[in-house]
Amino acid sequence: MPEPVSYEIRPLAREDAPAWRALRLEALTNHPEAFGSSAEEFSQLSLDEAAERIPPAVGEDVLFGVFAGGALCGCAGFAREKYMKGRHKGLMWGVYLRPMLRGKGVGEALVDRVIAHAAGHVEILNCAVNPENRGARSLYLSRGFKVYGREPRALRTGGRDHDEELLALILPGG
């Protein structure tokens with residue numbers, strides 16, 4: 001049974017940009033094989049440019065943050081497809097949780113929050129995962145995502161290629 005932990009999940013605002021920029025850079029640095037963005041490129045963004053990547057408070061797109069002890073310790077985003085023919089689909093992106101909160105049900109709560117938000121806007125929620133990231137892969141499959149494909153050599157970091165599994169979740173009513 002996971003040890004109980006106190007945390008809050010809420011949408012991030014542009015004012016959260018300094019904390020999110022630091023958390024995102026941590027994720028990209030510590031797990032370069034898990035994200036399409038690179039730490040090198042992201043570190044070049046100014047604080048204002050990082051803030052612009054946080055979706056506005058009003059709208060369908062959202063970036064959720066996990067706060068524990070007042071500190072931002074995790075995040076996960078949702079973005080709806082922009083083009084008319086794909087507006088029934090959305091993407092879960094940028095999922096990261098600091099190690100101290102893993103295995104305590106927080107990751108499940110974060111992904112569930114993205115799924116609940118997505119269900120109000122789209123019929124299909126997509127995401128991608130490095131199949132070597134067993135924790136994230138297991139989490140997504142436990143929430144009902146199904147693997148529908150694999151992109152070989154999707155990411156290259158440190159001279160090594162990494163595949164990505166493509167996953168989809170058909171949402172209620174979808």
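Q: What should I know about the model and its numbering before we start?
A: The model is predicted, so to speak of local features we need pLDDT of at least 70, side-chain atom pairs count only at pLDDT 80 or more, and totals for chains, interfaces and linings use all residues. Residues are numbered from 1 along each chain as its sequence is written, and side-chain values use heavy atoms, with hydrogens and water left out.

Q: Which residues of helix H5 are buried?
A: Two terms first. Buried means under 20% relative accessible area, exposed over 50%, and partly exposed in between, with a 1.4 Å probe and protein chains only. Helices (H or I, at least four residues) and strands (E, at least two) are DSSP runs, numbered from the N terminus. In H5, which spans residues 134–142, the buried residues are Ala136, Leu139 and Tyr140. They line one face of the helix, because they fall within an arc of 95 degrees when seen down its axis; the arc is that of the directions from the helix axis to the C-beta atoms.

Q: What covers the buried residues of H5?
A: Contact here means heavy atoms within 4.5 Å. The cover includes strand E4 (89–97), helix H4 (106–119), strand E5 (124–129) and strand E7 (160–170).

Q: Where does Phe145 sit, and what does it touch?
A: Phe145 is in the loop between H5 and E6, and at 1% relative accessibility it counts as buried. Not counting residues up to four places away in sequence, Phe145 touches Met92, Val111, Ile115, Leu125, Asn126, Cys127, Tyr140, Leu167, Ala168 and Leu169. Phe145 and Ala168 are 23 residues apart in sequence, yet 5.2 Å apart in space, C-alpha to C-alpha.

Q: How many residues does the largest nonpolar core have?
A: The general idea is that nonpolar side chains tend to be buried together in soluble globular proteins. A nonpolar core is a set of buried Ala, Val, Leu, Ile, Met, Phe, Trp, Tyr and Cys residues joined through side-chain atoms within 4.5 Å. In this model the largest one has 28 residues, and Met92, Leu125, Tyr140 and Phe145 have the most contacts inside it. Strands E2 (62–68) and E3 (71–80) are among the elements that each supply at least two residues of this core, while H4 gives the most, with six residues. Apart from it lies another core, of 18 residues, among them Phe35, Ala50, Leu72 and Tyr96.

Q: Is Asn126 buried or exposed?
A: Asn126 lies in strand E5 and counts as buried, at 14% relative accessibility. Leaving aside its neighbours within four places in sequence, its contacts include Lys89, Met92, Phe145 and Tyr148.

Q: What lines the largest pocket?
A: Pockets are found on a 1 Å grid over the protein atoms alone: a pocket is an open set of points with protein on both sides within 12 Å along at least five of seven lines, whereas a cavity is a set of points where a 1.4 Å probe fits but cannot get out; lining residues have an atom within 4 Å of a point. Grid points are joined across faces, edges and corners, and a volume is the space filled by probe spheres set on the points. The largest pocket holds about 950 Å³ of space. Its lining has 38 residues, of which Ala34, Phe35, Val95, Ala136 and Tyr140 lie nearest its centre. E4 gives the most to this lining, with seven residues.

Q: How do the residues of that lining divide?
A: Ala, Val, Leu, Ile, Met, Phe, Trp, Tyr, Cys and Pro count as nonpolar, Asp, Glu, Lys and Arg as charged, and the others, Gly among them, as polar. The lining of the largest pocket divides into 20 nonpolar, eleven polar and seven charged residues.

Q: How much space lies in the second largest pocket?
A: About 150 Å³. Its lining includes Phe35, Glu40 and Arg156, and divides into five nonpolar, five polar and two charged residues. E6 gives the most to this lining, with three residues.

Q: What is the phi of Arg153?
A: Most residues other than glycine have a negative phi. Arg153 has a positive value, near 55 degrees. Arg153 lies in strand E6 and is exposed, with a relative accessible area of 59%. Just after H5, Gly144 also takes a positive phi, of about 105 degrees.
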